[in-house]
Amino acid sequence: MTQTQFAVELNFPSPPTMNTYLRMQRGRMVKTSTARLYQETVGVLVWEKYGHPKPLAGDVSLELEFFQPRDKRRHCDIDNLFKVLIDALTDARLWHDDKQVKHIEATINPNTTEDGLAKVRVAGL
């Protein structure tokens, strides 16, 4: 069995839920200030670790591990967590387009952290 070589391994704050990610404005959906702030945070963390990375070419696989915040009112469904995170990683230019994501393995760790945490591993396919 071969071991997967990860191109990117990072930890991020827990993403906001989809309920606070988009809102209707003048008849169209727009990202909220919470969503834009999260995208900026993810971008800064990527750039701090990797500089301005060249976007990955080809298909990619993601391993996502979420640690929910201690405040149970902020817990949400796993699919709401990874959609927001994938959008932020696309905005940070880890890949050209989120259509490149062909495999996702996502888990919610039963342990909690104060504000939540998202561990991300990205590998080429």
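Glutamine 100 touches Leu56, Ala57, Gly58, Asp59, Val60 and Trp95, leaving out residues up to four places away in sequence; contact here means heavy atoms within 4.5 Å. The model is predicted, so local features need pLDDT of at least 70 and side-chain atom pairs count only at pLDDT 80 or more, while totals for chains, interfaces and linings use all residues. Residues are numbered from 1 along each chain as its sequence is written, and side-chain values use heavy atoms, with hydrogens and water left out.

Glutamine 100 lies in the loop between H2 and strand S5 (101-113); helices (H or I, at least four residues) and strands (E, at least two) are DSSP runs, numbered from the N terminus. Its relative accessible area is 11%, and it is therefore buried (under 20% relative accessible area, with exposed over 50% and partly exposed in between; 1.4 Å probe, protein chains only). The C-alpha atoms of glutamine 100 and aspartate 71 are separated by 34 Å.

The largest nonpolar core has 26 residues. Such a core is a set of buried Ala, Val, Leu, Ile, Met, Phe, Trp, Tyr and Cys residues joined through side-chain atoms within 4.5 Å. The residues with the most contacts inside it are Phe12, Val42, Leu85, Leu89 and Trp95. H2 gives the most to this core, with 6 residues. Beyond its neighbours within four places in sequence, phenylalanine 12 is in contact with residues including Tyr38, Val42, Leu85 and Leu89.

Tyr38, Gln39 and Val42 in H1 meet Val84, Leu85, Asp87, Ala88, Leu89 and Asp91 in H2.
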